[in-house]
Amino acid sequence: MVDHSKMKLGRRSIKRDSRTLKLGKYLKSELPAPPAAKDWTKGIESWGMMLNDVHVDCTIAAAAHAVKVWSANTKGEVTLPDSMILNYFEQWDGYNPSDPNTDAGGVELNVLTSWRKSAFDKHRLIAYAGAVFSNLEEIRQAITLFGGVYIGISLPNTARTQAVWDVVPNGGDDAKPGSWGGHAVFVPKYDAHSFTCITWGALKPMTIAFWNEYVDEAHALLSHDWLESKGSPSGFNLAELRSDLGLIK
């Protein structure tokens, strides 16, 4: 039996912003349906804890795992060092090493906005767009087109000891969303029965039922490195997105 009880989380409250671009607007009608399965993990076995065993920095760890996926599928695998993770935990989530009370996690939308305005090390984010987390086809499109999706989960206590995250029938209070806490992860893989995220240095599968019950935010990330290498996806209106992005104040 696995035991994640000593691991840290760190996704704080969900922030909504009416200016956030919506992924669905840019998916053209001629875009083919996403494939039945997609896997951008490249056989990587060591993902890196990204300090999420000692700090509630999952919003930064998930971003670093995204960079690892994108780089492995483009110019060569990059693992950001812990010093870099800590630096951005301070910059984007407000952590102050001299004040333990500031080790308090972060807000996904704030992290992504900071990333879009300033690079994560040298890895730039052209844009991010909200994906409808309950629309599994849209989520699969985001993973297929952009190498993964950055999500938030209200984890139940029942997830602490599950090898595969799944809904526990009649689980009582321990099965309630958020009874453990909020968590940010990057999801680079799916098939007909599951999604697989990266967390605490490893791949973690979750059932579709678990996703439907506990995932409560999702963001498609448009990486400069990814698009420079692979080009604008056919069936995705990148030009319109760039135009809309320029109107945001």
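Because the model is predicted, local features were taken only where pLDDT is at least 70 and side-chain atom pairs only at pLDDT 80 or more, while totals for chains, interfaces and linings use all residues. Residues are numbered from 1 along each chain as its sequence is written, and side-chain values rest on heavy atoms, with hydrogens and water left out.

Two packed helices are described by the angle between their axes and the distance between those axes. Helices (DSSP runs of H or I, at least four residues) and strands (runs of E, at least two) are numbered from the N terminus; axes are lines fitted to C-alpha atoms, for helices over the stretch in contact, and angles between N-to-C directions run from 0 to 180 degrees. Helix 1, residues 58-72, packs against helix 3, residues 108-117, at an angle of about 50°, and the two axes lie 10 Å apart. Helix 1 and helix 3 are therefore oblique to each other, where angles under 35 degrees count as roughly parallel, over 145 as roughly antiparallel, 65 to 115 as roughly perpendicular and the rest as oblique. The crossing of helix 1 with helix 3 is right-handed, a term used if the near helix is turned clockwise from the far one by less than a right angle, with anticlockwise giving left-handed. In this contact (heavy atoms within 4.5 Å), helix 1 contributes Thr 59, Ile 60, Ala 63, Val 67 and Trp 70, and helix 3 contributes Glu 108, Val 111 and Trp 115. Six of these residues are nonpolar, one is polar and one is charged; Ala, Val, Leu, Ile, Met, Phe, Trp, Tyr, Cys and Pro count as nonpolar, Asp, Glu, Lys and Arg as charged, and the others, Gly among them, as polar.

Helix 1 also packs against helix 2, residues 82-93, at an angle of about 125° and with the axes 9 Å apart, which makes helix 1 oblique to helix 2. The crossing of helix 1 and helix 2 is right-handed, and the contact involves Thr 59, Ile 60 and Ala 64 of helix 1 together with Ile 85, Tyr 88, Phe 89, Trp 92 and Asp 93 of helix 2.

Grid points are joined across faces, edges and corners, and a volume is the space filled by probe spheres set on the points. One cavity of 30 Å³ or more is counted, and the largest cavity holds about 30 Å³. Helix 1 gives the most to the lining of this cavity, with four residues, and the lining as a whole has seven nonpolar, four polar and no charged residues.

The largest pocket holds about 240 Å³ of space and is lined by 15 residues, of which Asp 17, Arg 19, Thr 113, Arg 116 and Tyr 128 lie nearest its centre. Helix 3 gives the most to this lining, with five residues, and by class the lining has six nonpolar, three polar and six charged residues. The second largest pocket has a volume of about 190 Å³.

Definitions and conventions. On a 1 Å grid over the protein atoms alone, a cavity is a set of points where a 1.4 Å probe fits but cannot get out, and a pocket is an open set with protein on both sides within 12 Å along at least five of seven lines; lining residues have an atom within 4 Å of a point.
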